[in-house]
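This report describes the model shown below, beginning with the confidence of the prediction and continuing with the fold, the helix packing and individual residues.

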Amino acid sequence: MDSLRQRWAIEKSKIIWLFLWIAIQIGLWVYKFLWYYNRTEIVALGIAKACAICICFNMAFMLCLITKTINTCFRRIGLAGILPLNFNVYFHGMMGVMILALGFTHAVAHLSKDFVVLSTADEPSELNDLMDKIDRPHTFTEVKPYTYWLF
């Protein structure tokens with residue numbers, strides 16, 4: 001029991017950051033999956049987009065922890081006590097495995113979505129209509145043209 005308390009005292013911040021990282025992953029995944037599933041009702045598209053947003057988060061977080069210049073800047077402004085900068089190699093490995101798994105799931109979900117579309121089309125003309133519905137569903141809100149101007 002005493003060794004468990006000592007272990008907790010040493011590894012406390014690593015365990016807290018690990019659970020926080022997993023909670024953020026689950027929150028992002030569920031949010032994006034439900035967002036796409038409620039608009040398209042295609043499970044594979046929701047899975048693919050949910051994995052994509054988790055990959056983006058992991059890549060950005062990994063960049064913050066591994067880049068030496070950013071790491072040094074965080075230490076200078078006092079974020080070393082908040083961010084897990086001392087465990088950057090450990091989290092780099094964890095995020096690498098997560099990115100690999102999410103990337104594989106993302107690819108499989110996109111391929112399964114395309115397989116469903118190809119198998120439901122009876123004629124080649126229907127295929128274009130189905131792909132347009134899936135890639136740009138009509139239930140999405142109107143997309144405004146992109147502009148570089150802020151006003």
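## Confidence of the model

The mean pLDDT of the protein is 79, and 76% of its residues reach 70 or more. Confidence is highest in helix α2 (residues 43-66), at a mean of 89, and lowest in helix α5 (residues 124-135), at 61.

This is a predicted model, in which local features need pLDDT of at least 70 and side-chain atom pairs count only at pLDDT 80 or more, whereas totals for chains, interfaces and linings use all residues. Residues are numbered from 1 along each chain as its sequence is written, and side-chain values use heavy atoms, with hydrogens and water left out.

## Overall fold

The protein has 5 helices and 0 strands, and its elements run α-α-α-α-α from the N terminus on. Helices (H or I, at least four residues) and strands (E, at least two) are DSSP runs, numbered from the N terminus.

Of the 151 residues, 26% count as buried. Buried means under 20% relative accessible area, exposed over 50%, and partly exposed in between, with a 1.4 Å probe and protein chains only. Among contacts with a separation of 6 or more, 59% come from residues 24 or more positions apart.

## Nonpolar core

The largest nonpolar core has 13 residues, of which F61, L65, F91 and M95 touch the most other members. The elements giving two or more residues to this core are α1, α2 and α4 (88-120). Such a core is a set of buried Ala, Val, Leu, Ile, Met, Phe, Trp, Tyr and Cys residues joined through side-chain atoms within 4.5 Å.

Not counting residues up to four places away in sequence, M95 touches W21, N58, F61, M62 and L65.

## Packing of α1 and α2

The axes of α1 and α2 come within 8 Å and cross at roughly 145°. Axes are lines fitted to C-alpha atoms, for helices over the stretch in contact, and angles run from 0 to 180 degrees between N-to-C directions. The contact involves residues of α1 including W17, W21, W29 and Y36, and residues of α2 including I47, C54, F57 and F61.

By class, this contact has 17 nonpolar, 4 polar and 2 charged residues. Ala, Val, Leu, Ile, Met, Phe, Trp, Tyr, Cys and Pro count as nonpolar, Asp, Glu, Lys and Arg as charged, and the others, Gly among them, as polar.

## Individual residues

K14 is located in helix α1 (residues 2-40) and counts as buried because its relative accessibility is 18%. Leaving aside residues up to four places away in sequence, K14 touches F87, Y90 and F91.

Helix α1 also holds I26 and Y31. I26 is exposed, with a relative accessible area of 53%, while Y31 counts as partly exposed at 48% relative accessibility. The C-alpha atoms of I26 and C54, 28 residues apart along the chain, are separated by 8.6 Å; those of Y31 and G46, 15 residues apart along the chain, are separated by 9.7 Å.

H110 belongs to helix α4 and counts as partly exposed, at 23% relative accessibility.

Conventions:
Contact means heavy atoms within 4.5 Å. pLDDT is the predictor's confidence in each residue, from 0 to 100.
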